[in-house]
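I opened my notebook to look up how this chain is put together. My notes follow.

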Amino acid sequence: MKRILIIEDDPLISKVYSSKYESAGFDTATAADGQEGLDKLKSFKPDLVHLDLTIPKVNGVDIIRHIRSQPETVSLPVVVLSNTYQNRLVKGALDAGASECVSKATSTPKMMLAVVEKYRALLTSRTIEETNEALTALEPKIEALRKEAA
């Protein structure tokens, strides 16, 4: 896994996460609204989508629904990073098929990188045992970052 599409309407947040992912060896593309995100989904062909829910033109939940409805992207990891405090919207994202939802208020770029690394480990593991080992190794790191951010 090398390519991350960031769909985020705040240019500063896009830049921060893009820089963090690129420093870890990922290629990134950014989209400032939902329609641009859908277009880049086709042209950039990401291995993971970093998605805000409250974005212009096409909202995040509709993007997740689109991703899950297409055979070529049905299993694409979608990590939601959003400031939304509307439980209904977060529940809608999970119901639509988000892989994980993370709050902007309680996470850091370092923590999001650990979450992305978890999905890289899942996608590059060859066996169930390798997947379980990768997840087990990453969980303490993610938990420590959550405590550090709290």
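What share of the 150 residues in the chain is buried? I looked it up: buried residues make up 45%. I note that this is a predicted model.

Next I checked the surface. The chain has an accessible surface of about 7900 Å². Carbon and sulfur atoms hold 53% of that surface.

Then I listed the elements. I found six helices and five strands. Read from the N terminus, their order is β-α-β-α-β-α-β-α-β-α-α.

How are the strands arranged in the sheet? I found an open sheet of five strands, with the order S2-S1-S3-S4-S5 and parallel pairing. Strand S2 (27–31) and S5 are the edge strands, as each pairs on one side only. On average, neighbouring strands of this sheet are turned by 20 degrees against each other, direction ignored.

I also looked at what packs on the sheet. Helix H2 (residues 34–44) does, and it touches strand S1 (3–7), S2 and strand S3 (48–51). The direction of H2 makes about 150 degrees with that of S2.

S5 covers residues 100–103. Strand S4 (residues 78–82) runs parallel to S5, and four bridges join the two. Which residue in S5 is the bridge partner of Ser-82? I found Ser-103.

Which side chains of S5 are buried? Glu-100 and Val-102 are buried and point to one face.

Residues 24 or more positions apart account for 61% of them.

Notes. Residues are numbered from 1 along each chain as its sequence is written. This is a predicted model: local features need pLDDT of at least 70, side-chain atom pairs count only at pLDDT 80 or more; totals for chains, interfaces and linings use all residues. Side-chain values use heavy atoms; hydrogens and water are left out. Buried means under 20% relative accessible area, exposed over 50%, partly exposed in between (1.4 Å probe, protein chains only). Two strands pair if DSSP finds at least two bridges between them. Contact means heavy atoms within 4.5 Å. Accessible areas come from the Shrake-Rupley method with a 1.4 Å probe; for residues, only the protein chains shown count as cover. Axes are lines fitted to C-alpha atoms, for helices over the stretch in contact, and angles run from 0 to 180 degrees between N-to-C directions.
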